[in-house]
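Here are my notes on the model, as numbered points. Please read them with the structure open.

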Amino acid sequence: MTASKSCRFIDLFAGIGGFRLALEHLGASCVFSSDWDRFARMTYAANFGDEPAGDIRAVGEKDIPEHDILTAGFPCQPFSISGVSKKNSLGRPHGFADRTQGTLFFEIARILAAHRPRAFILENVRNLLTHDHGRTFDVILRVLTEELGYDVHSRIVDARDVVPQHRERIFIVGFREPRDFRWPELARAGQRPKLRDLLQPNVDPKYTLSDKLWQYLQDYARKHQSAGNGFGYGLADLDGTTRTLSARYYKDGSEILIPQQGKNPRRLTPRECARLMGYPDSYRIVVSDTQAYKQFGNSVVVPVIERIAGGVREALAQPATRTRTVQLALVERRQSPPSEVQPVANVG
């Protein structure tokens, strides 16, 4: 990509700008961004010099500049395992039945229909594939392919080859004209990065767990182990890969704890979380630790986005192919009728 008008992209549900960092590193130019979280917009503005628009539902298609690539890490809580479990426990709807977040995919469809960009890159949690017995994903594919006419490719990608974190996400890539798109190989030189390589040498004692919290986490783990459940804290292997960093990390840090000799384990610092998500040390953290943990836990992994966007760049540089396909690489799905959702005819 070059920083020309032919390489303009928009950054929807932008969060703190992981997509933008990746695509700008490839030479593309961001012409519009949006996110409804005010703290995310604060971090985004501090790092990119412009503040994203707010709720995309309040933005008209005509107010969005023409662009070649649409990127979006649309809200995942209605589709994630933890999000669905929480909503079930509260008796609240999830997926497309969630009228606040689940239907935000249709905002993407609305903009795709209006602007017809050459390509899009979407990211969500792995559980999107199996939500509602696969019907949710079927609806998304039907909108993108049958209603909007895009050539669609999807794959589950684990970030562990580029950062020391086991983080599986579903990526959906689409092209206005059929393209010979190839998913990039993430591994380099056959070696995965190690957690210890991104840890800071001197860490404030405030990140060390208190005796009370550490005892609670141990008791909690023993309780669930005796019941045959897998719940518990995650004491990280410094020469290996961590669990998935989540937006709830601010609560107790239990999913990724760093062992310390002669002391209780500690949380990752916000800077270490940034590194775990592939952000450079030049990236500014301007919010509280609580907000920073939420922001990085909700973010995309920057080098994963860069590799996939590089594959999109290569596909767009080649002539369009004649065959239009829906490529579902590494995804096994059972065909099932779509659920009742917002009528597709209303999109756009």
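1. Arg57 counts as partly exposed because its relative accessibility is 40%; the term covers values between buried, under 20% relative accessible area, and exposed, over 50% (1.4 Å probe, protein chains only). Asp55 is likewise partly exposed, at 24% relative accessibility. Asp55 and Arg57 form a salt bridge, with the closest N and O atoms 2.7 Å apart. A salt bridge here means a side-chain nitrogen of Lys or Arg within 4 Å of a carboxyl oxygen of Asp or Glu.

2. On the source: this is a predicted model, in which local features need pLDDT of at least 70 and side-chain atom pairs count only at pLDDT 80 or more, while totals for chains, interfaces and linings use all residues. Residues are numbered from 1 along each chain as its sequence is written, and side-chain values use heavy atoms, with hydrogens and water left out.

3. Side chains of opposite charge can pair when their charged atoms come close. How many salt bridges does a search of the whole structure find? The search finds 20. One of them joins Asp180 to Arg182, the closest N and O atoms being 3.5 Å apart. Asp180 is partly exposed, with a relative accessible area of 46%, whereas Arg182 counts as exposed at 61% relative accessibility.

4. Another salt bridge is formed by the side chains of Asp281 and Arg275 (2.9 Å, N to O). Asp281 is partly exposed, with a relative accessible area of 46%, and Arg275 is partly exposed as well, with 23%.

5. The protein has 10 helices and nine strands. These are DSSP runs numbered from the N terminus, helices being H or I of at least four residues and strands E of at least two. Of the 348 residues, 51% count as buried.

6. Strand E1 (residues 8-12) is mostly covered, with four of its five residues buried. E1 pairs in the parallel sense with strand E2 (residues 29-33) over four bridges; two strands pair if DSSP finds at least two bridges between them. Cys30 in E2 is the bridge partner of Phe9. From E1 the chain crosses through helix H1 (residues 18-25) to E2, and this β-α-β crossover is right-handed: with the strands pointing away from the viewer, the path from the first strand over the helix to the second runs clockwise.

7. E1 also pairs with strand E3 (residues 69-72), in the parallel sense and over four bridges. Here Ile10 stands opposite Leu70 in E3.

8. Which residues touch the most other members of the largest nonpolar core? They are Leu23, Phe296, Val304 and Val312, in a core of 57 residues. A nonpolar core is a set of buried Ala, Val, Leu, Ile, Met, Phe, Trp, Tyr and Cys residues joined through side-chain atoms within 4.5 Å. Helices H1 and H9 (289-298) are among the elements that each supply at least two residues of this core, and its largest share, eight residues, comes from H10.

9. Not counting residues up to four places away in sequence, Val304 touches Val157, Ala159, Val162, Phe171 and Leu186; contact means heavy atoms within 4.5 Å. A second, separate core of 33 residues includes Phe13, Ala72, Ile140 and Tyr150.
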